[in-house]
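Here's a quick tour of a few spots worth a look in the viewer. Have the sequence and the model open side by side as you read.

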Amino acid sequence: MAARQPRSMEKMVVTPQLSTRTVNHSAAKALEEAGVHPLLSRLWAARGVECAEDLLLNWAAMIPPGRLTQAEHAAKVLADAIQAQKKLLIIADYDCDGATACAVGLRALRGMGARVDFLVPNRFETGYGLSPAVVELAVRHPSGKPDMLITVDNGIASVDGVDAARDAGMDVVITDHHLPGDELPRALAIVNPNQPGCGFPSKNLAGVGVIFYLMLALRSELRRRGVFPSDGGPRLDQLADLVALGTVADVVKLDANNRLLVTQGLQKMRGGRMQAGIRALFAVAGREPRQANGFDLGFAIGPRINAAGRLADMSLGIHCLTTDDESLALRLARELDAMNHERRGIEATMREEALASLEAASPTVGASVCVYHPDWHQGVVGLVASRLKETYWRPTLAFARSDTGELRGSGRSIPDVHLRDVLDLVSKRHPGAILKFGGHAMAAGLTLREDAYALFTQGFDQAVRELSGKNSFDPVIETDGSLETGYANADVAGLLQQQVWGAGFPPPIFRDTFYVRQQRLLKDKHLKLSLERGHQRFDAIWFNRAEMLPETVDAAYRLDQNVWNGTVSAQLIIEYACGA
């Protein structure tokens, strides 16, 4: 076990700071005058919504596909390939966004007459993206060597892979949403809202959103060619459940266009109109699709798809999302559910080992956290990093040893620290220590020489301090201020649950002062509370909190519904509380 920290340590005290979002009162008033619920008007105005037009969630309000750079050009390329009956092969990614993007591509292309199959890289063998090794696998694909490769949720950095494909006689169309490097691949077409010169208003499309847009453009192109009537072709809106799942699971910012896509998908699920695989995943997760919300997608359905890519082969997840056979979908969903249970067990063991090693090394941590164990599972280190980041509120990296002896690491960061920039600085200061890395502000992956681990951890901590200007960090819980007493009820809790919340559009957290009437421990680890504010009394719970509270508290909380024996009541989920 290795869990090295820099010699210069700071005593770790993680105390959340509570803040209150600023509300644009004129926007809130305009929304209320347009007929929006007064509480929702205030919440949405605090999240940047300025007028009722920003809340239009029907298909007509979606940004047109023609505004996505090269979408129409790529559509022509694909239309030519379909009409020439060329073999197409989708190169997917091994996370939920990649799996749903692959499913959207397969279903849409087959509905438009294409000969298409897929290949998904193995996380442990060929790594991420369209690499030369993946190109070799494509050439030897069981369905025959393809004429064209279509990447989904990857490819923008695959300069060598695209060259290898061209050398092997295969064309490439790239669909991706990740940030490009200094050099773009020499593909026939690149569809990516984040490529240079693309004026698409929503830079936050997930990979599944990008391929969905391209499929819309392709259908329009085939209509222009007379292949379909002016209003004919496959009903692509029936893929909205897949688009919603991938968008939420990839934790992209839920701007107005993404909220539209997610809303349309949730409406399909609530109406019982969804892919057989998604219906089966709801069933094995014990969730009710008629009340489907973003939490279900991000924390129940998405992790079960991701488990396949973390522990085995994402092909299982893609097959689950593309079959129309209800019984096969349920069997595949049960396999994914079993994998997810296995993943949770592995993650829990690794997390406990990491915490024990950190506590044994020192009761303090530096400005960052790095942990490593040679026997850890490569597919789960990112989840461990995420858990430790929440515990210590530091940029965190977790490493495992690969079959080749290198260390494969995954990191998660906090708003104060741009993780990729830190890794870039370390790579320049310690050439050769990092073999490769990539990512963005909040998450990154990297490969290290094993003998460079100690040097790296010291350099990483120093770079975090320098770039942030801080030696320690405290989380900030952003609240929406006090919840008006008239809205503190089960009906409003249900209203809030039906809205689309997520990254960049966070669910509301309220802040009020309460008198603690009763408190007791539940299962020795959860604090069950009876709180009083004015003439109202609330049941409340603070999960994973064992210490008792003082008589009066300042609490940050979520308003939730508690259903018990058919009775629905309001319940407060405490995020943080301290003496008032």
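How many of the 18 residues of α7 are buried? Keep in mind that this is a predicted model. The count is 15 of 18, so to speak a mostly covered helix.

**Helix α7 and its arginine**

Helix α7 covers residues 207-224. From first C-alpha to last, α7 reaches 26 Å, close to the 26 Å expected for its 18 residues at 1.5 Å a residue. Just past the end of α7, Gly 226 adopts a positive phi of about 85°.

Arg 219 is buried but makes no salt bridge. The nearest side chain of opposite charge belongs to Asp 237, and it is 5.8 Å away; a salt bridge here would need a side-chain nitrogen within 4 Å of a carboxyl oxygen. What does Arg 219 touch instead, leaving aside neighbours within four places in sequence? Its contacts are Met 112, Phe 228, Gly 232, Gly 233, Pro 234, Arg 235 and Leu 236.

**The five-stranded sheet**

Next, an open sheet with mixed pairing, in which five strands line up as β7-β8-β9-β11-β10. At the edges are β7 (369-372) and β10 (434-439), each pairing on one side only. From one strand to the next, the twist averages 15°. Within the sheet, Thr 396 has Arg 412 of β9 as its bridge partner.

Two helices go with these strands. Helix α14 (residues 381-392) packs on the sheet and touches β7, β8 and β9, with its direction at about 40° to that of β9. Helix α16 (residues 453-468) lies across β7, β8, β9, β10 and β11 (443-448), and runs at about 165° to β7.

**Antiparallel pairs**

Strands of a sheet pair through backbone hydrogen bonds, either parallel or antiparallel.

| Strand | Partner | Bridges |
|---|---|---|
| β8 (residues 396-401) | β9 (residues 407-412) | six bridges |
| β13 (residues 510-522) | β16 (residues 552-564) | six bridges |
| β13 | β14 (residues 526-533) | seven bridges |

On the β16 side, Thr 513 stands opposite Asp 554. On the β14 side, Leu 521 has Leu 527 as its bridge partner. The hairpin of β13 and β14 has three residues between the strands, and there Lys 523 takes a positive phi near 55°.

Technical notes
Residues numbered from 1 in each chain as written. Predicted model: local features only at pLDDT ≥ 70, side-chain atom pairs only at ≥ 80, totals over all residues. Heavy atoms only, no water. Pairing = 2+ DSSP bridges. Helix = DSSP H or I, 4+ residues; strand = E, 2+ residues; numbered from the N terminus. Axes fitted to C-alpha atoms, helices over the stretch in contact; angles between N-to-C directions. Contact = heavy atoms within 4.5 Å. Buried < 20%, exposed > 50% of the residue type's maximum accessible area, 1.4 Å probe, protein only. Lys, Arg positive; Asp, Glu negative; His and termini not counted. Expected span 1.5 Å × (residues − 1).
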